[in-house]
Amino acid sequence: KPKRAARPPPPRSFVGRAPCRLRPSSRAAMGDALSSCTGGDKDQNQKFERDGENSLAGGPKVDRGCTDIICIPLFALAQLVFIAVTIMGMADGNPQKLYKPRDLSGAYCGVAENWNNGPDLTQQTKLTYTMNVTSMADSVMKQTICSTQASKVMLGLLTTQAEKDQYLCDCCISPCKKCDGALEFGTQLRSASDLTNTVTARMAELTDPSKAKDLLSPGGANGMAFSSESFWREMTKYFHQVCLPQCVANSTSTRDYVYTPPQDSEFYTWWTTLLNASGTSDDLKSLQAVVNSAFTFKAMSADVCPYDPSWCVPFPGMELSEATPGSDYCTFAIAADVMGALGDVAANAFESLGMDAFKGAATESFGGWVGDFQASLDSFIVTAVLSFVIGVVFLVLLRFFIGICVWLAVFSTVVMFALFGFFLFVRSNQCEGASLFDTGHQVSVAIVVAAKTAAADTISGSDVPSEAMTGDGVDYRGRQMYTRYGKKCLIWETQDVMPWYRADNYTVLNPADTTKSFCRNPYQATDDNKAKTIWCITSDPDVAWEECLPIGVIQPECTQGYAITGQSMRDALWYSSFVVWALGGVWVIVIICFVNRIRLAIALNKVAASYLATNPSTVLIPVVQAFVAILWCLCWFYSASYLLSQVPDNYTPKGAYATYAEAYGTESPCSTFEYGDHCTAIPGACIDKWPSGGVWRDPDCDIQGNTTKCWRCSQPRYTMDWRFGVSFFVFLWNNAFNVALGQTLIAMAVGLWFFSANKSGMPVVLRAVRTVLRYHIGTVAFGSFIVALVEFIRYLMKYFEKQAQMRKNRCVVVLLKAVQCCLWCFEKCLKFLNKNAYIQTALMGTNFCTSARNAFALILRNVLRFGTVAVLGNAIRMIGFLCIMSSTGVVGYILMREMHPDISPFMPVLLFLMMAYVVSKLYMNVFGLAVDTCLQCFLAVEEMGLCSECVPGCLKNFASSVGRKSSETPRSSG
């Protein structure tokens, strides 16, 4: 029989292809669920060949089948599981718990049923602030109960000597172990009239709103207690967070609240003893009358403020308003009648609280920023469009200036080595009180002068005098003629700044013809003022004289101490500086050796820029990705809000605790790597697990025998269980799938363009989308699953780390941090390998495992080239970020000033920069993947020994040298 004619090669066109089908090898191995992850064709990990299975002579393979198809139903199953756990979460979750404001006890504003029999806050929807009476009145209370007048009364009321001793110790009236000295309250109250006048005046500023300006003024009865900067910096501890119907307290009725110290305070016993005492003495009755009248506050009614009355006392002199219109959160403002009494103190205080400084009635708030953005929305839209145009212009210009950018980036790395080494060198000898700049200036001058002098001596060949000196340098005979900061010295005999310094008056300046302008320390034995080292008169008219250093002294000794006190740390910095400089020298050698590879990297970047310039529609791929990612994230966040908000009723203890340390726990006083018995920390009962709630003091304490328990726990806003774990894994998988799909599509489009003869009229993006969606969705799902699994394990280790932190297990925390670091490195390597595996899939049509194996082998064969392209690619991407963002910011600012000159440009320009970052990330990510794909395509051309006609123009010179080589000696280059 005649032989069958050879089958012609498949056409290059991707149009009219057969329906999806499995590769022959896959049909033969249907039992392998992961499609030949451990096997496959033996020649798949070999080099590219001109003919055979590994040939790309005609571009990306056309005859391909579906890869990793078993992963598609698994991916779909994951979505169904996600829907199932979401439905389960919707049955029990309450997303309002994630954002509803909460009071200091953890109760939710606007919620009827709160945990642990909390208050009904259905009508109280605003989180506002009231006065923390305990903190505000604490100083006055102590001054009252511990005054000389009160001590006479108390010692008469107490019956046992033990009680008297304890009272005297608590008030620090008598020396004891708990006191460092007597309590200081300013004026000592020695008589009934002194006590009545002082306490009444101080408490009136707290209880009478009309005297609020005196409370916050240094001239008030409380002096600096509530007007100092320290008060304003810590003012949050003087407020209670409570839920009220409105930010402004407008209760029509009030209730009286008589202040009492907390039940767990050491002063509670003495205060209640005083109030409840019965007696006929005038001092006792006068003291009780003052306490009952002066310490009575007006609290809001229970229907408005459903808390203990101690939480419902308004803060005098403060006005509260909504943070933004319609917000459930309230913010501070100073009453207008109090403003004049505060002045700059209040302005500085509100700056420290993160609020804008204000004088008068004008303030700028977040709500104003939002309004500015809304008013300038038209300029934002125009700037957004121009940002995309700027990105395209940058890529076009990059084709012509990329060489300059790369070499500038390379040069900048050398400069960074030099500067960082110099920084370490200077820092190792920085003197106490001297700035880093001055120290660096001094070191630079010393080095330059030493080098200049050494060069001059070498050329002249003359004898070099000694630069040695002892003590104050009176014996110095060296040739230093510059001060330590580089000022030129004047000749002693001709200068007229200090004409008494002549050779005739000072032997140190003899002989005058040889001393010239050299630094010396001239003085007479009888002089009262003597310099501590050598100096000279400078040529700077603003600096008459300045000290000098002997030539060759680069780092002089600091007589006043060093900025870094530890000698070992200074030595470490000194040696590290030379290590950094040595590494910089090695880096220079590497650059010299890698010149050809750097030139190749520049050419590849030019090719990638050419591709994006001729196929700008490729940028639509990450735009669609971003849109899909935003929609998916919104859906997942909505689902996760139900899962996270399911906090079990028994998650947090409901009991009370005697001390804050018992409820909250203690912290270790040791550093990270310091261990010992003294480093032991005790976990708190309220925060022994993560997520954890908070700790708060209940005014209604539990008294059990002699123990008073006032500290309680509040629940966290969210918890995590296995359902959230499942949802979070699907979230990671879908995100990784979205990224992987975009990488495969771009790689396919670049591969088609790279090998095509007509590089300007080929619809490569549509062909890439059609091919990848038809054949390689399984591969995308497989590769993204592996990435998601590693990410999930890393986040799981983070979860265990948080649990160990709550349990105060420092050893396990350090261990888990190390594990996370290793997983992070592994994840980065895996993503790099996966990206190159997707490129292999796009070019060769192989499954994920085969593609990953081939990509790994290709990287090993060309590890130096991949490394060079990766390093320079990161530098170019950084330049792209800076150029696109800065250009967009400038253009947006100009538009703002032209279109809306009356609007503050702060918030709009900030949003312009954020938007420009997103745009630049889209462009530069596509650009980076195009570079990586072009590199693999070029390596295929090189290994196949093809001629330069098959590659873009920027690579023709590199490909021509390859084409001239014999195909029998294929090149294997690093």
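The disulfide between Cys431 and Cys558 is left-handed, with -75° about the S-S bond; a disulfide here is a pair of cysteine sulfur atoms within 2.5 Å. The two sulfur atoms of Cys431 and Cys558 are 1.8 Å apart. Cys431 sits in the loop between helix H14 (377-427) and helix H15 (436-460), and Cys558 in the loop between strand E8 (545-547) and helix H17 (567-593), so this pair ties together parts that are 127 residues apart in sequence. Helices (H or I, at least four residues) and strands (E, at least two) are DSSP runs, numbered from the N terminus.

The model is predicted: local features need pLDDT of at least 70, side-chain atom pairs count only at pLDDT 80 or more, and totals for chains, interfaces and linings use all residues. Residues are numbered from 1 along each chain as its sequence is written, and side-chain values use heavy atoms, with hydrogens and water left out.

**The chain as a whole**

- The chain holds 28 helices and 11 strands.
- Of its 974 residues, 45% are buried; buried means under 20% relative accessible area, exposed over 50%, and partly exposed in between (1.4 Å probe, protein chains only).
- Among contacts between residues at least 6 apart in sequence, 73% join residues at least 24 apart, where contact means heavy atoms within 4.5 Å.

**Disulfides**

- A disulfide is a covalent bond between the sulfur atoms of two cysteines.
- The whole structure contains 11 disulfides.
- Cys489 and Cys536 form another disulfide, with sulfur atoms 2.0 Å apart.
- The torsion about the S-S bond of Cys489 and Cys536 is about -75°, so this disulfide is left-handed.
- Cys489 lies in the loop between H15 and helix H16 (512-515) and Cys536 in strand E7 (residues 535-537), so the pair ties together parts that are 47 residues apart in sequence.
- Cys489 and Cys536 are both buried.
- Cys169 is joined to Cys176 by a disulfide with an S to S distance of 2.2 Å.
- The link of Cys169 and Cys176 is right-handed, with 90° about the S-S bond.
- Cys169 counts as buried at 15% relative accessibility, and Cys176 is partly exposed at 22%.

**Helix packing: H2 and H19**

- Helix H2 (residues 71-92) packs against helix H19 (residues 620-644) at an angle of about 45°, their axes 7 Å apart; axes are lines fitted to C-alpha atoms, for helices over the stretch in contact, and angles run from 0 to 180 degrees between N-to-C directions.
- H2 and H19 are therefore oblique to each other, since angles under 35 degrees count as roughly parallel, over 145 as roughly antiparallel, 65 to 115 as roughly perpendicular and the rest as oblique.
- The crossing of H2 and H19 is left-handed, which applies if the near helix is turned anticlockwise from the far one by less than a right angle, while clockwise is right-handed.
- On the H2 side the contact has Phe82, Val85, Thr86, Gly89 and Met90, and on the H19 side Trp632, Trp636, Tyr638, Ser639, Tyr642 and Leu643.
- The residues of this contact of H2 with H19 are eight nonpolar, three polar and no charged; Ala, Val, Leu, Ile, Met, Phe, Trp, Tyr, Cys and Pro count as nonpolar, Asp, Glu, Lys and Arg as charged, and the others, Gly among them, as polar.

**Helix packing: H17 and H18**

- The axes of H17 and helix H18 (residues 595-614) come within 4 Å and cross at roughly 70°.
- H17 and H18 are therefore roughly perpendicular to each other.
- H17 contributes Ile591, Ile592 and Cys593 to the contact, and H18 contributes Val595, Arg597 and Ile598.
- Five residues of the contact of H17 with H18 are nonpolar, none polar and one charged.
- Cys593 counts as exposed at 54% relative accessibility.

**Backbone features**

- Most residues other than glycine have a negative phi, and most peptide bonds are trans.
- Asn510 and Pro511 are joined by a cis peptide bond with omega about -15°, and Pro511 is in the loop between H15 and H16.
- Trp690 and Pro691 are joined by a cis peptide bond with omega about 0°, and Pro691 is in the loop between helix H20 (660-664) and strand E10 (694-704).
- Lys516, in the loop between H16 and E7, has a positive phi near 55° and counts as partly exposed at 46% relative accessibility.
- Lys808, in the loop between helix H23 (777-806) and helix H24 (810-844), has a positive phi of about 60° and counts as buried at 19% relative accessibility.
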